[in-house]
Amino acid sequence: MTGDPRTYSSTGGVAIPSVHGILSPPIAFDPPEHTAYRKIIQRQFTRQGAARYEPLLRRLVRDRLTELIDEGSADVIPALARYLPPMAIAAILGLPPEDGERFVEWTTRLLVTAAAGDRAENERVAREFTSYLSAHLDGERDEETVIGAIGKGRFDGRPLTSQERLYMVLLLVIAGHETTVHSIGTMIYHIATVEGLKDRLIADPALIPNMIDESLRMEAPVVSVARTVRGGADLSGQKLDDAERVLLVLASANRDPATFERAGEFVCPRSRNPHVAFGSGIHRCLGEHLARLEMRIVAEELLAMAPRYHLADGYRPEWTIGPVVRGLTTLPVIFHQR
Ligand code: HEM
């Protein structure tokens with residue numbers, strides 16, 4: 001079974017080709033190390049843990065939408081989808097709210113310079129950002145926050161080293177950013193383009209969580225995850241050797257007609273939706289509840305504040321082409337009534 005970490009290990013990295021920088025705890029470890037690392041930050045990421053940040057995130061979304069609606073139109077990928085996830089990560093980490101905008105700037109610069117292959121600038125920004133994070137990891141700690149939990153956390157009976165602490169934080173910054181940017185962008189697109197969906201959600205906002213799952217199923221933000229075979233395996237009759245790498249294509253599993261009726265159609269409400277957009281098994285996404293919260297707040301506020309929003313005339317979706325994450329490059333939205 002591909003869910004067994006003894007045969008399908010994460011220690012060789014979870015992306016093909018390898019993505020530099022995500023060999024961090026807990027994602028690139030197998031049990032027992034994985035279990036011990038994950039336990040340190042698990043409580044902050046439960047549904048209740050994430051819910052603590054709902055008032056702050058809702059206020060940020062309302063303020064941002066008020067500005068955008070005033071302007072009449074906006075590309076909501078940079079203006080909204082790229083704004084909220086770093087603000088949410090900064091909040092759950094326990095960084096001062098007034099640093100939120102700087103945090104957005106750093107994380108965006110890191111991604112932009114990496115994508116442009118500008119190594120010197122990428123390293124400069126990374127140094128500045130990690131020294132900022134390290135200062136917080138060494139400073140005062142509120143134990144309810146992730147930085148507090150990491151500071152208090154123990155591994156094998158000892159406190160975490162400064163490198164372990166920094167890598168855990170960096171993983172959260174990376175894992176929770178681009179994934180959630182795309183999940184928000186794609187959801188706004190689906191609400192605008194799936195026949196009758198917007199009206200159904202306005203009439204019955206309780207359908208929003210069901211719509212969120214269907215949006216994640218239809219366009220999985222994380223296209224695939226990888227594992228490394230340990231000791232050889234037999235996968236449905238296919239022999240795999242030790243150290244062979246295996247790619248699990250989540251986007252494909254999410255459209256499997258053996259699991260989903262009308263697999264290629266956006267169905268809302270869908271009565272059973274066992275999609276794997278957040279993975280499955282012991283590595284299932286730790287930030288799932290935070291990501292769902294961000295998506296729900298955006299959907300609720302957008303539908304309440306700009307129920308008539310629509311996409312710019314002639315818009316054709318263009319998807320990012322990357323081995324791991326996938327989403328829309330632009331999404332021009334008109335807020336005013338037609
Ligand atoms: C819609 C947005 C998101 C999607 C689609 C997503 C998807 C995934 C997937 C597929 C995995 C499994 C990786 C594997 O099996 O190797 C994963 C793991 C993980 N995600 Fe997310 N993610 C999202 C948002 C977030 C957020 C907001 C955070 C935190 C701020 C986060 C933190 C993590 C962590 C720490 C892991 C590793 C868990 C472990 O190894 O035990 N993710 N995510």
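Predicted model: local features only at pLDDT ≥ 70, side-chain atom pairs only at ≥ 80, totals over all residues.
Q: OK, which residues make the nonpolar surface patch?
A: Ile-16, Leu-247 and Val-249 make it. The patch covers about 210 Å².

Q: Where does Val-249 sit?
A: Val-249 is in strand S8, which spans residues 245-249.

Q: And is Val-249 buried, exposed or partly exposed?
A: Val-249 is partly exposed, because its relative accessible area is 37%.

Q: Switching to the ligand. How many residues surround it?
A: There are 28 residues around the ligand. The closest are His-34, Arg-38, Arg-227, His-283 and Cys-285.

Q: What does His-34 do there, in terms of distance?
A: An N or O atom in the His-34 side chain is 2.7 Å from an oxygen atom of the ligand.

Q: What about the arginines, Arg-38 and Arg-227?
A: Arg-38 has a polar side-chain atom 2.7 Å from a ligand oxygen. Arg-227 also places a polar side-chain atom 2.7 Å from an oxygen of the ligand.

Q: Which helices and strands supply at least two residues of that shell?
A: Three helices do: H1 (33-42), H9 (162-175) and H10 (178-193). Strand S5 (224-229) does too.

Q: New topic: Ser-9. Buried or exposed?
A: Ser-9 is buried, because its relative accessibility is 0%. Ser-9 belongs to strand S1, residues 8-9.

Q: What does the Ser-9 side chain contact?
A: The side chain of Asp-30. The two make a polar contact at 2.5 Å.

Q: Now salt bridges. How many in the whole structure?
A: A search finds 24.

Q: Which residue does Asp-4 pair with?
A: Asp-4 meets Arg-6 in a salt bridge, 3.2 Å from N to O.

Q: How open are those two, Asp-4 and Arg-6?
A: Asp-4 is partly exposed, because its relative accessibility is 22%. Arg-6 counts as exposed, because it reaches 68%.

Q: Which residue forms a salt bridge with Arg-119?
A: Glu-123 does, and the closest N and O atoms are 3.2 Å apart. Both residues lie in helix H7, four residues apart. That spacing is about one turn of the helix.

Q: Are Arg-119 and Glu-123 exposed or partly exposed?
A: Arg-119 is exposed, at 63% relative accessibility. Glu-123 is partly exposed, with a relative accessible area of 38%.

Q: Which residues are linked in a network of salt bridges?
A: The network links Glu-54, Arg-58, Arg-62, Arg-296, Glu-300 and Glu-301.

Q: Back to helix H7. Where is Val-125, buried or exposed?
A: Val-125 lies in helix H7, residues 119-138. Val-125 is buried, because its relative accessible area is 3%. The C-alpha atoms of Val-125 and Glu-105 are separated by 9.9 Å, and the two are 20 residues apart along the chain.

Q: Now the backbone. Which peptide bonds are cis?
A: The bond from Pro-31 to Pro-32 is cis, with omega near 5°. Pro-32 is in the loop between S1 and H1. Another cis peptide bond joins Cys-268 and Pro-269, with omega about 5°. Pro-269 lies in the loop between helix H13 (250-253) and helix H14 (288-305).

Q: What is phi of Ser-236?
A: Phi of Ser-236 is near 45°, a positive value in a residue other than glycine. Ser-236 is in the loop between S6 and strand S7 (238-240). Ser-236 is exposed, because its relative accessible area is 78%.

Q: And phi of Arg-262?
A: Phi of Arg-262 is near 45°, and Arg-262 is not a glycine either. Arg-262 is in the loop between H13 and H14. Arg-262 also forms a salt bridge with Glu-265, with the closest N and O atoms 3.0 Å apart.

Q: How accessible is Glu-265?
A: Glu-265 is partly exposed, because its relative accessibility is 38%.

Note on methods. Residues numbered from 1 in each chain as written. Heavy atoms only, no water. Patch = residues over 30% accessible without salt bridge, like charges linked within 9 Å, V, L, I, M, F, W, Y side chains within 5 Å. Areas by Shrake-Rupley, 256 points an atom, 1.4 Å probe, with all protein chains shown as cover. Salt bridge = Lys/Arg side-chain N within 4 Å of Asp/Glu carboxyl O. Buried < 20%, exposed > 50% of the residue type's maximum accessible area, 1.4 Å probe, protein only. Near = heavy atom within 4 Å. Polar contact = N/O pair within 3.5 Å; in protein donor to acceptor, adjacent residues only side chain to side chain.
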